[in-house]
Amino acid sequence: MTKTLRQVGIDLQESEDNRALIEAIEGDNPDLTIRHLPGLIKLQAPGQIVINRQSVEAKLGREWETGEFQLAIVSYAGNFSEWDDDQIIVNWEH
Amino acid sequence: MQYELRYQVIEPKRHTYQNVIDRLGDQPASRYLEATLDVQPTENFHYRPTWAQDRELYDDRFSALRLSDPYAFTDPRQYYYTPYVTNRAALHDEFGKTISYLEDRDLLAKLPDAWQAVLSSTVVPLRHYESGAQLVSVAGARFAYGTAIEQCCSFAAFDRIGNAQMLSRVGIAVGGGTAAVLASAKQEWLAGPHLQPLRRLIEEIMVLDDWAEGLLAVDYIDQQLYPLLYQSLDESALLGGAGAYSLFSQHLAAWFADQRKWLDALTKAWADDPERGVANQEHLARIHDTWAPRATEAAAALEATVGDIS
Amino acid sequence: MTTVQPRAKKLPLKERYSLLTRDLDWEPSYVSRERLYPYTSYEGIKIHDWDGWTDPFRLTVDAYYKYQAEKDKRLYAVLDSFAQSQGHLSLSDASYLNAIKIFIQGVTPLEYAAHRHFAFLARYLEGPAPRFAALCQSVDELRHAQTQIHTISNYNKYYGGFHSWSKMHDRVWYLSVPKSLFDDAMTAGPFEFLISISFSFEYLLTNLLFVPFMSGASFNGDLPTMTFGFSAQSDESRHMTLGLEAIKFLLEQDEDNVPIIQDWIDKWFWRAYRMSALVAGMMDYMLPKPVMSWREAFELYFEDQMLGGLFPDLDFYGIKPPRHVDLAIGEKDHLGHQVYKILHNFSFAAAFTTSTPTDEHMAWLSEQYPSTFDRHYRPTWEKHRRIEAAGGRAFFQGLPQLCQVCQVPMAFTEPSDPTRISFRHSEYRGETFHTCSDGCKWIFDREPEKYVQAWLPVHQIYQGNCGGPTVPDVLNWYGIKEGDNGEYRGSADNTSWLEWHK
Amino acid sequence: MTVKALYDYTFPSADRAENFGDDQLVFVHWAGNPFFCSAAAFRAPKAIPFAEFIQTMVEPWAASDPDFDSAAVRNWRLFDQPLDTGDGGKTLLDLGVTHKALLSFDA
């Protein structure tokens, strides 16, 4: 199966609280493009965006539950194909 | 060095929204009132529901119990969303600490056998009763007339899932972190003779058309079950070496005390209504006579199984 | 977050979640399933296995309370400090608040309507997983309505137009556009409601409507609105997921569902898109410091993300992009201008004010709309400028013709000719019904029994149901007070603003 | 296609002709004038002579545009068909202008 490369996106609030999360996402998704709008940061990548608990915790210096991602997210384009204790993946399925 | 913060003094043109002013005069109003009074639409609906003949989208005829002013009732707890979730976050946080404490020390698994049996076969199965009560409450969230009443029903519906999840977590803990006890508890709910009068009753209440009648019918059951299981049994537990039972049941007792506040106030508002009070009292009596004896009967069947302990 | 729950020892998240939610259900045996769930068959949707529904968020009640209480703690801290420091004085301009007036009159009541009707789904859907997701959404929507009321409460103390939002939503002409849309969805069956609001509205269009709007709030110094907006959007992500899950679930359940769903997508895309026209007018004209044009937002959030991303995904199930989407794309360079013209023509009868755009703003519009603004829209604004230079202010001295379906004044133009108003009409039971576009006409012809009932504000005024025959009678019945309406320059808000900034 | 409902979903039109008694709704569009966002809606007696309708209802509305010149009004159309308004003495009803008809003119 060929992997689809349509863009997926996540919009996050641009705030001090979310800086570590954004850095972790940047680190784990090399093809990420970033756009700043007032109050908002828009992340896009071809195919998928992945968020790893361990990466976020490393940037934050504390424990972080994937559920806390709900405090940061403003919007997204794609599908949460995975959301478990360790990882969140946004992609298109077909 | 001293800083002086200087703000311009600006006289407000009005202190609150006009609908609140119309009711209470132009003075600062609480967040509860601003978020509650007159929020629900009342007129000029565009289309008729395809799912209910002869009804508007919001219609006080969805129940026989009506208020001439739907905002004659307000929640004595003054819950709008934020104080509601803040209060419940604390309740569940406390419960979470309790259950962690019980789990860390395996206290539920170490309960005397008789208490384990009561938990597994009678208390944990009631998570399904809570789930049924949720369905009844959420009907009020949709069909009650006026924001003051429906938001109490909405919160009660969410509470019920919360209660069901608390009982489920107890079940998981009793099962030593597995789903085994939840599975056997479900069998008890479906087939255990001591629970069938209750299950029959809640199923019959779940299909009632009148949301308020359903709410009161469930409350008659609550009024039997909560004092029995989470208060008097709690006392026996403390005396009978089952302190672990008491530790979790206090949270359900606390919820029930909170639930009473708005339901009692609402029942009073119905009965005291200047225009509809007499008719409401007749309906309340009918509803009581229809459902309260059934609740007593269902509770008695269940009480027989816990009687040995208490 | 300061406290972190210990992770469950033995049960993984997925299984634990399932035990705490869907496992609560049981098959009733003392009453029939049909009596318990009477509304899930009449729309023709076939469901074989309600357990096929998955919920990626796996939010348990305790986690829900914890996260939501934390969000609200942050939000209300912002509201309190903004109020205490007279933050409203640092807005870009008082005219900015016109957008917020339309928001509380038009959008807040929709949040409330969603609250009520997601409770309907939480009662009547047969599967415990979607019922729980609907219950969460129902209380979330109450949160949105109430946080908006509280955010805007502070502005209401100092500015006009906010004070009677609830009554206005039931009565005022432009607010019948959003109200009728939700009435339409709520009067339909539970599955159509799910596709209309969860999918077509929440998933397809909510980004387009809210995200640029909240950025606009941020850009214009409205910290509270930005904060409640982004805070609400974090719930919205869950709601979008419900929408996407709903559509996939229904499509996977039975092939016969596919044409029904396609039909609903076709209807609801256009219905929701037409309502969003109000936002187009707002984005292009009502922000003193504009942040993004309707066209750019439409391209970014709808064309790229939805047509480019989502619909190829849905193609797998045989779902095509919505009918009439080509018309929406075709008018993206016109929509905001045509809508603001309506508001500018009729703000004498509205609970907000309007103004002819300034030179600077027109320069921005030229830049954003190089192919249309100077050619089709600038000349009319220049004419208003001439009238105003001579001391006048032109309004539409009468009442507009409304579309029977979307209820927007019939201001939209032919796809092939932006100088000609698009008129469509249908005959039903011997009566004529006018619609503004092929999209609305198609919707009318599909279900005329529904749309003939519409409470069209202009026609109701003429039937004598709106307080009396004169404009002041009607404005009084609407709850509009002297100074809420008309032209911004010289209005009560403008006068106060200048006074406070002397 | 009809509305799917749990009962016979038939309701009268909210704006049926009888709700307006001896009057009716008429829509009037000034074609090609972008100053007005849309056509205007009027409630007019069915028996009003056309000229009177224009003079007492349409002209005050059209004068919202300061460039309006009543002498320039021409080319009346009923929906898409040319409408011969004669000397203006005929009533709306006589001219076939019925409830919720759309009239257009150039000016």
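Trainee: Which residues does C:Thr241 touch, leaving out those up to four places away in sequence?

Mentor: C:Thr241 touches A:Tyr76, A:Phe80, C:Pro56 and C:Phe57. One thing to keep in mind as we go: this is a predicted model.

Trainee: What makes those "contacts"?

Mentor: Contact means heavy atoms within 4.5 Å, so A:Tyr76 and A:Phe80 count as contacts of C:Thr241.

Trainee: Why is C:Thr241 called buried?

Mentor: Its relative accessible area is 6%, and buried means under 20%, so C:Thr241 is buried. You'll find C:Thr241 in helix H9 (residues 223-253) of chain C.

Trainee: How far is C:Thr241 from C:Glu252, in sequence and in space?

Mentor: They are 11 residues apart in sequence and 16 Å apart in space, C-alpha to C-alpha.

Trainee: Which residues is C:Ser422 in contact with, beyond its neighbours within four places in sequence?

Mentor: They include C:Met410, C:Phe412, C:Thr435 and C:Cys436. Take C:Phe412: it is 10 residues from C:Ser422 in sequence, and their C-alpha atoms are 5.9 Å apart.

Trainee: Now the helices. How do you know that the length of H4 in chain C is what it should be?

Mentor: Helix H4 (residues 97-124) of chain C has 28 residues, which at 1.5 Å a residue should span 40 Å. Its end C-alpha atoms are 40 Å apart, so the two agree.

Trainee: Where is the kink in H4(C)?

Mentor: It is centred on C:Ile104, and the angle is about 35°.

Trainee: What makes you say H4(C) is mostly covered?

Mentor: The count: 27 of its 28 residues are buried.

Trainee: How does helix H5 of chain C do on the length check?

Mentor: H5(C) covers residues 128-158, 31 residues in total. From first C-alpha to last, H5(C) reaches 46 Å, close to the expected 45 Å. H5(C) also bends, by about 35° at C:Ile152.

Trainee: Why is H5(C) called largely enclosed?

Mentor: Because 30 of its 31 residues are buried, the rest of the structure largely encloses H5(C).

Trainee: On to chain B. How many helices and strands does chain B have?

Mentor: Chain B has 11 helices and zero strands. Its C-alpha trace spans about 70 × 70 × 35 Å along the principal axes, and 61% of its 310 residues count as buried.

Trainee: Why is B:Gln78 called partly exposed?

Mentor: Partly exposed lies between the buried limit of 20% and the exposed limit of 50%. B:Gln78 has 41%, so that is its label.

Trainee: And B:Asp106, why does it count as partly exposed?

Mentor: Its relative accessibility is 39%, which falls between 20% and 50%. B:Asp106 also has a positive phi of about 55° without being a glycine, and lies in the loop between H3 and helix H4 (113-123) of chain B.

Trainee: Last one: how do the chains meet, and which pair has the most contacts?

Mentor: Four pairs of chains touch, and chains B and C have the most contacts. Chains A and B do not touch, with their nearest C-alpha atoms 15 Å apart. Chains A and D do not touch either, and there the nearest C-alpha atoms are 32 Å apart.

Conventions. Residues are numbered from 1 along each chain as its sequence is written. Chains are lettered from A and ligands numbered from 1 in the order in which they are written. This is a predicted model: local features need pLDDT of at least 70, side-chain atom pairs count only at pLDDT 80 or more; totals for chains, interfaces and linings use all residues. Side-chain values use heavy atoms; hydrogens and water are left out. Helices (H or I, at least four residues) and strands (E, at least two) are DSSP runs, numbered from the N terminus. The expected span of a helix is 1.5 Å times one less than its number of residues. The bend at a residue is the angle between axes fitted to the seven residues ending there and the seven starting there. Buried means under 20% relative accessible area, exposed over 50%, partly exposed in between (1.4 Å probe, protein chains only).
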